[in-house]
Amino acid sequence: MSIDDQTPPDPREPPPRREGIFGQGPAVIWFEAWPVLVTLGLIWIVFAAQLASAPLGLEERMLSYGAFHPGNFRDGLWWTPLTSMFLHAGWLHVVMNSAALVALGPGIAQRLGRDAVGGLLFAGLYLGCGLAGVALAGLMMPDAWLLGASGAICGLWGAGARLVGPGREELHPIFSKAVGRSALSFGVMNLIVVVAAGAYGLASQQGLILVSWQAHLGGFVLGLVLVGVLPVRFHWLRGLRGA
């Protein structure tokens, strides 16, 4: 059959149902959600630098100049709200955050678009939520050191809480049962992590390990809001809307 003999699609028919991107192989995740993998790569590059700095006796200096502390920020280390998002306190910390990023990020990245603009939108959402988490933690914990990507990742959780389904443009209202259920699971997760980290620190004689639920909360709330104002740019919508 030649191209001229093909029947054009009926514009009145609904578009084909879009499936999620998991279960289709790493190549699909790369093409549909490459900003997630780029972010993951940056996190692990920085963690590798942390590991390499330890034998050289530079790890403490790296953390002093990269982790966030309200006092240091006021003294001129203005970049630390950003750099603190890519530093981690050990293998368990970075592995847990990496797993959460891979689980929560692809749906948001796909929604914002797989082109360069989509990558910038994803970076803006991710970094904005991370900065919101740092800001709230800094206000509520003026003497604490902060590092880790969890504030930014919880922003992806907040954004994902409003998604109706794979490939769907509409969002759940912020004050809806669906978002309420996600917020409840978010609160339970924080409680479990805070208790588990504290118990592990005491059992291992490292002292009480504090988890910044404040940073998680700041990122989660901003994610809920930002996903509603960012453009929906699923790549297949360009052809449908141009018809």
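**Notebook: salt bridges, packing and surface**

I began at R168, which is partly exposed, with a relative accessible area of 40%. The model I am reading is a predicted one. The side chain of R168 meets that of E170 in a salt bridge, 2.5 Å from N to O. I looked up E170 as well: its relative accessibility is 37%, so E170 also counts as partly exposed.

**Overall layout**

I then went through the chain as a whole. I counted ten helices and zero strands. Read along the sequence, the pattern is α-α-α-α-α-α-α-α-α-α. The chain has 243 residues, and 37% of them count as buried. I noted an accessible surface of about 13,800 Å² for the chain, with 68% of that area belonging to carbon and sulfur atoms. I also checked how far along the sequence the contacts reach. Among those between residues at least 6 apart, 73% join residues at least 24 apart.

**Remaining salt bridges**

How many salt bridges does a search of the whole structure find? It finds three. Side chains of opposite charge can pair when their charged atoms come close.

I took the pair R114 and E32 next. Their closest N and O atoms are 3.7 Å apart, and the two residues form a salt bridge. R114 sits in the loop between α5 (91–112) and α6, while E32 is in helix α1, so this pair ties together parts that are 82 residues apart in sequence. The cut-off for buried is under 20% relative accessible area. With a relative accessible area of 12%, E32 is therefore buried. R114 has 39% and is partly exposed.

The other pair I looked up is R233 with D115. Their side chains meet in a salt bridge at 2.7 Å, N to O. R233 lies in the loop between α9 and α10 (237–241), and D115 in the loop between α5 and α6, so parts that are 118 residues apart in sequence are tied together. Both ends are partly exposed: R233 has a relative accessible area of 21%, and D115 stands at 28% relative accessibility.

**Q50 in helix α1**

I stayed with α1 and went to Q50. Helix α1 covers residues 26–53, and Q50 is in it. Is Q50 buried or exposed? I have it at 2% relative accessibility, so Q50 counts as buried. Leaving aside neighbours within four places in sequence, I listed its contacts as E59, M62, L63, F86, L87 and H88.

S64 is in helix α2 (residues 59–66). At 29% relative accessibility, S64 counts as partly exposed. N72 has its place in helix α3 (residues 70–74).

S64 touches N72, L77 and W145. N72 touches S64, L77 and W145. Both lists include W145, and I looked up the C-alpha distances to it. S64 and W145 are 81 residues apart in sequence and 9.2 Å apart in space. N72 and W145 are 73 residues apart along the chain, with C-alpha atoms separated by 9.7 Å.

**Helices α7 and α8**

I looked at how α7 (residues 150–161) packs with α8 (residues 177–203). The angle is about 155 degrees and the axes are 9 Å apart. Angles over 145 degrees count as roughly antiparallel, so α7 is roughly antiparallel to α8. Which residues of α7 meet α8? They are C154, W157 and A161. On the α8 side I noted V179, S182, S185, F186 and M189.

**Nonpolar surface patch**

α6 (116–140) and α9 (213–229) each supply at least two of the patch residues. Which helix gives the largest share of the patch? It is α9, with four residues.

V221 is in helix α9. Its relative accessible area is 42%, so V221 is partly exposed. Patch residues need over 30% relative accessible area, and V221 at 42% is therefore above that cut-off.

Definitions and conventions: Residues are numbered from 1 along each chain as its sequence is written. This is a predicted model: local features need pLDDT of at least 70, side-chain atom pairs count only at pLDDT 80 or more; totals for chains, interfaces and linings use all residues. Side-chain values use heavy atoms; hydrogens and water are left out. Buried means under 20% relative accessible area, exposed over 50%, partly exposed in between (1.4 Å probe, protein chains only). Axes are lines fitted to C-alpha atoms, for helices over the stretch in contact, and angles run from 0 to 180 degrees between N-to-C directions. Angles under 35 degrees count as roughly parallel, over 145 as roughly antiparallel, 65 to 115 as roughly perpendicular and the rest as oblique. Contact means heavy atoms within 4.5 Å. Accessible areas come from the Shrake-Rupley method with a 1.4 Å probe; for residues, only the protein chains shown count as cover. A salt bridge is a side-chain nitrogen of Lys or Arg within 4 Å of a carboxyl oxygen of Asp or Glu.
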